[in-house]
Every structure is written in C-alpha cells, then in structure tokens.
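Please read this briefing alongside the sequence and the 3D structure. It goes from the whole chain to single residues.

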Amino acid sequence: QNGLSPPPMAYTSAVAACGGAYPVAWPAAMGIFQKMTEKGQNISTFTCNALMTTLARAGEWRHAVRLMANMKSKQSSLGAPDVVTYTAMINAHAFTGRGIDAMNTFTEMRQSGISPSFISTCAAIRGCAAGDSQSLWETAFSLYTSLMEKSRGSKAEFNELEARLAVMSVLAKVGRWKMAEDLLREQKKPPMSAFLSVLESYARPGLWQSALDIAREMLSAHNMKLTTYVYRLLIRACNRRKRWSVALSLLSEMRRGSVTVTPGIIAEVMATFHSRYDGWLRALSVVRAVNGHPLEFEELKEVVVETRRLVQLGKSNGWSGTMSMQRVTNTLLELCTDGARWQAAFEIYNYLHHFRPEESENLGAYDRLMAICARAGRPDKAIQVIRLIRREGGIIPPASYFNGIIA
C-alpha cells in the first residue's frame, strides 16, 4: 500500500507467521507462496521450509507432499530440500497418523545423503506413535538407542529428555509398560509428561494397581497435582479389568479434591460394570435417580450427582450436546447389551431424551438400540428405532439398520 516492493524475506516471514497463527492459516500461506511464484521471485529453500512447516502444523500432508515433490524436481525453480524440509514432512505425516509414511520419509532423507539432526530423529521417533505403532515401536526404540549413543558424553540434558519422552510416547501406545517405566527411572526429575506416558502404558493392559502406585508417587514424591486426565487414565485401567469399586473410589477422590469430572470420566466409570450380570440394572438406576427416583445402589450416589450436574449445566448453557453427554448415553445403553435388555435400553434412552433431546440424537445411541433389539429378537422394537431416526434425527436410516430388523 505504501508503494514499496516487499523483498523475498518479507514474504517468507509472512508465510512463517501463518504457521504460528491459531488456527494455522495455511490457505493464506499458500496464497502468499503463489504470489511469489507469479512475480517470478527466486524461492529459496528457507521460504519453502516456512511453507512446509505451516502445512505440517495444519496437518495438510497432501499439499506438503506436492511441495516436496516440486522441491526435488530438477525442472523446478524452488530450493532443494534440506534437513528442515524433511523434518517438517515427517511431522506432517506424524500429525495425521501416518507413521509408516513418516518413517519412509526419514529413510529417504538418509538415502539422499542428508544427515538426520537430533530434531529430525525425535520427529521420526514420535512419528512411530502414529498409525500402526505396534509394528514401529522397535524402530523407534532403535532410533532412540542410537541417538543416545551419539550424544553420550554430551551435557545437553534437555535433548536427552526430549528423546526419552518421544520414545516413551511410542511405548505407551503399544503397552510396553516395563520399558516405559525403566526410561522414567533413568530421569532424575521426571516431568509430568513422562509420568503420563507410563500411566498410558499401564492403562492399555489394565495394570490398575501399578497405575495407582505411579499416581501416588507423582503426588507424594514429586508434589504433582493429579489432573482430570490422570484420573481418566487410572479409571481406564480399572475399566480394562472391571474393577468398578476402585473406579468409584477414584471418582470420590476427584470430587473431594475438586478435580473436574467430565462426561468421559462418568462414561469410563460406568463402563466398568460391563459384563456384570446386573450392569443394565445399575445403568437404569443411575438414569432413574437423575430423573428424581430413589437410588437403588448407594455406591453409585456420586455418579448420579455428577451426571445430574452435567445435565443441568448443559441445560443452563444451552449446549447442543452432541459431544458432551454422548459418551455417557452410549455407555449406559451398552450396559443393556448383555442379556439384550431392550426394555431398560428404551427407558434409558427416553429418560435422557426427556432431559436433553439433543443428547440422545446421535447414531451411536441408535446403533446400540438396534443391536439390543436384534439380539433380543424384537423386530417390532427395531422398527421403532427406524422411526426414531426419521422423526428425531430427520435423516434416512442407513441400510445397515434394516439388516438389524432382519436379524
């Protein structure tokens, strides 16, 4: 506007600024890059890296792949890719769950003669946690081991911590809890993220006692506050082994400590009753109590209190509810699957529908109702589910639902 012609570095800075925005302004970055191309400016590797990093942060891996291909083309006027370019490309794949592609990019970088940096190696390790990490955790651990051997004797403690956290996140995802805990013990002052990785590795196989021990250590030895996410991991570990009494005690602990109880926590606690002969009865009791009826199971009192609070909060805030209580609804219906308790399932659905119509209007709830009706051999009730979808959801039922009627 001032009649000045911006130099290439100004465009590069603008592209980088788009990557630092929230949400990431990648379309604007692409537009700036296109203007540079149209003006016939020489686009350096540095500028391309700014765009590549922006695309990676936005998860736009397809655009990143095309940019990389153009940079590698001999006919292109763009700068050649360097270690920063490959690192951003690895991150683009990792952020979108494409772990194998992330590792392939790392391998390609090595084959092209570019020596991986510490940052690019850590990015590759984190990439192994994306997608099918079960087949990549050994690769991640191998990269970590070689990285530690190279840095042996180095005083860069922070770098070692970053690498350790990266590989622990991979081990946590595949449930390699012993290896994750060994790495935790190597750290003199482990940060919260290191403990979370170990907790995640315990939660997957359901090692609830080990998870509780680590949580108590966080609290007593390291003076760390147990957050909602920590409690959710603990309750998830209990859910894997159906330790409903421990899950309920953790919920009580959360309430005493004024830790926020989310719908996900309530759903996880109630899921611990799955496969119990009376799980459906407990689900029905919770919903009835929320609706003002006497509670049949005293140990579920705090579940009822928190569920009622969430429902009332939703009402007062005018939530659309699609993501708030959906998991609770689905979990309570899931408890009716054993024994095909279709009467209880419809009663639960109707109670939640009465409080929050929008909460029950999700295909997850309809899926469970249809499955219960099919298992109970009640085509009349299955047809009723079809009518509910049409009337409340205002949509045409998927073809699979008619299979439920046949079943």
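The protein chain exposes about 19800 Å², and carbon and sulfur atoms supply 53% of that area (accessible areas come from the Shrake-Rupley method with a 1.4 Å probe, and for residues only the protein chains shown count as cover). This is a predicted model, in which local features need pLDDT of at least 70 and side-chain atom pairs count only at pLDDT 80 or more, while totals for chains, interfaces and linings use all residues. Residues are numbered from 1 along each chain as its sequence is written, and side-chain values use heavy atoms, with hydrogens and water left out.

**Whole chain**
- The protein chain has 23 helices and zero strands (DSSP runs numbered from the N terminus: helices are H or I with at least four residues, strands are E with at least two).
- Its C-alpha trace spans about 75 × 50 × 45 Å along the principal axes.
- Of its 407 residues, 47% count as buried (under 20% relative accessible area; exposed is over 50% and partly exposed in between, with a 1.4 Å probe and protein chains only).

**Glutamine 41**
- Glutamine 41 is found in the loop between helix H2 (26-38) and helix H3 (45-58).
- Glutamine 41 counts as buried because its relative accessibility is 18%.
- Leaving aside neighbours within four places in sequence, glutamine 41 is in contact (heavy atoms within 4.5 Å) with Pro6, Pro8, Tyr11 and Met36.

**Arginine 256**
- Arginine 256 lies in helix H14 (residues 244-256).
- With 63% relative accessibility, arginine 256 counts as exposed.
- The C-alpha atoms of arginine 256 and phenylalanine 141 are separated by 40 Å, and the two residues are 115 residues apart along the chain.
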